[in-house]
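Here's a quick briefing on a strand and its surroundings, a helix and some charged pairs. Have a look at the model first, then read on.

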Amino acid sequence: MRHPRDVDLPLTVDRTSGVPLGEQLVRQVRDLVARGVLRPGDPLPSSRALAARLGTSRGTVTAAWDVLTGEGYLVADRGATRITPSLHLDPENAPAATTPPSRTLPAPVRTTPPRPHPVPPPSQTPPPRATPPDLTSTPRLATSHDPTTPPAHPGAARRPRSAAAPSGTPLPSVTTVGGGRVLDLRPGTGPVTALDTPAWRGAWRDAAGATARGETAGASLQEHLSAYLRLSRGVVRAPEDILVTAGVRDGLQLVLRVLGLARRRTLRVAVENPGYPALRRVVEATGHTALPVTVDHHGLDPAALPTGRWGGAGRWDVSAPPDVLVLTPGHQYPLGGTMPVSRRAELLAWAREHGAVVIEDDYDSELRHTGQPLPALGALDTARDTVVTLGSFAKVLGSSVGVGHLVAPDPLLPELIRAREDLGSPVSRVAQDAIARFMDAGEFQRHTARMRRSFRRRRSLVSDALADLPGVLVVPMAGGAHAVVEVPDEDAAVARARERGVLVSGIGEYWTGRARPAGRTQAASSSGGGLVLGLTARDEDLARGAAVLREVLGGIPGGGGQRAGAPTRDAR
């Protein structure tokens, strides 16, 4: 199995800590090795790429790599820097690993680093786990006549449903000019055209042929996911502990099913507001209660959650706390905020205090193109008892692929595996094998890098096209496959863009009850509302659509100088 050299390790720097930046990198790499996130033979990012991502000089990175090389942690291997293949740390000399990798380690510099010894690589066997009694008694899952059971045809469960056009709701009429085509710029509607490559087609062709012959790829998809989660997201799990799903919604319904059976009642599930409508629909479709919780620019605030306790200042909070929290901490959808480490720690503490399970939708972590990436929330769950991490290939490979993954707390894992065995996997062996081959050849990493650059370019294209319009703001985001545009009148903007042949989503469709707060905040829509645009369209289509949006927004009071109803150029 090949490793990408441009891997995005969860390395950060803190310029306010007083610790030299190079020393921060040295300490974090030591810590990642001690916790098993980095293993013998794993690659490190190139000094040039890491320096560009962290906003430091290349010399700072190379100096840190030189220190680690002198200590025996790193070797230069055919032009790449890797963890020493024969590295082994004595347990009694391993550095403490209690601080999340996203924080600067406050401990003083070690005068004597851990002693590496050349021995065979450590075993991949995970430590034994203890399963709480309330889950070991969970009855086996029935498969007949259950509305949450995936349909026999996998594609039926994976059909994308846009927030702008819910299932069963016809699209409003669109006026076309000159017989031109409609430009659909809503999130999740465009294909990933950059994926039409010989490598992608070859991976599917080889997978289909190998399956017909009863063969498999050299490394399974779970093995590749294990390496990816460890190196890019800081989540250390053995391949056999990772469940392959048909995407985030499939993983969510599986977790809710198992939790509902274990607790023998309807679950109270807190969801972000605004948030991804499909996740709320999954909660309701599985028979549970969705509790919308308003987010701020840092995401969901645990202080806003009900606790069933005295709330102070003459207030008694009688609402029971939720059993489950469904979050997008890495890139809140759709507003785009990133949850800081302090808020993540608060949420984990709140969840443990109230016996809640946190479900992290890590839907587009690969597409962050600016700033310093935080590790997954699951990486902070060192006890492995609280966080479920859901991921998907949809943003990088397209929603039609319909493949994702699930990493669960140790107490839930046995029942989730049993449920998947009872229900059967909705993901074909050919699909899993094709993606494994694509990753094994290093093509997934190269494709992801191309997509990251592409989305960054398209976000800049939208920002430039809508620049200098009064009352209009393209919300800054660190990455992702969508853009949010604050506008003075959301309904008018959506309707007029539709009349011009450009389909966009209104941000109000992501709110439950459209209970939007007044006032403008960072990474949030204004009281007037906003638009949500997908960035998967071709550059020329996005440019035409953005040009029409500029003219449309310019004709809305508060959005520019052009008067409403003035003749404008059409998108096509």
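Strand E12 is covered on both faces: Val387, Thr389 and Gly391 are buried on one side, and Val388, Leu390 and Ser392 are buried on the other. Buried here means under 20% relative accessible area, exposed means over 50%, and partly exposed is in between (1.4 Å probe, protein chains only). Strands (E, at least two residues) and helices (H or I, at least four) are DSSP runs, numbered from the N terminus.

This is a predicted model, so local features need pLDDT of at least 70 and side-chain atom pairs count only at pLDDT 80 or more, while totals for chains, interfaces and linings use all residues. Residues are numbered from 1 along each chain as its sequence is written, and side-chain values use heavy atoms, with hydrogens and water left out.

**Strand E12 and its partners**
- Six of the six residues of E12 are buried, so the strand is largely enclosed by the rest of the structure.
- Strand E11 (residues 357-361) runs parallel to E12, joined to it by four bridges; two strands pair if DSSP finds at least two bridges between them.
- Strand E13 (residues 404-407) pairs with E12 in the antiparallel sense, also over four bridges.
- Leu390 of E12 stands opposite Asp361, and its bridge partner in E13 is Leu406.

**Helix H15**
- Helix H15 (residues 443-465) has 23 residues, which should span 33 Å at 1.5 Å a residue, and its end C-alpha atoms are 33 Å apart, so the two agree. The expected span is 1.5 Å times one less than the number of residues.

**Salt bridges**
- The count comes to 24 salt bridges, each being a side-chain nitrogen of Lys or Arg within 4 Å of a carboxyl oxygen of Asp or Glu.
- Arg384 and Asp241 form one of them, at 3.7 Å from N to O. Arg384 lies in the loop between helix H11 (377-380) and strand E12 (387-392), and Asp241 in the loop between helix H7 (221-233) and strand E4 (242-245), so the pair ties together parts that are 143 residues apart in sequence.
- Arg384 counts as buried at 16% relative accessibility, and Asp241 counts as buried at 6%.
- Glu215 bridges to Arg213, with the closest N and O atoms 3.4 Å apart; Glu215 is partly exposed at 40%, whereas Arg213 is exposed at 56%.
- Arg538, Glu540, Asp541 and Arg544 are linked in a network of salt bridges.
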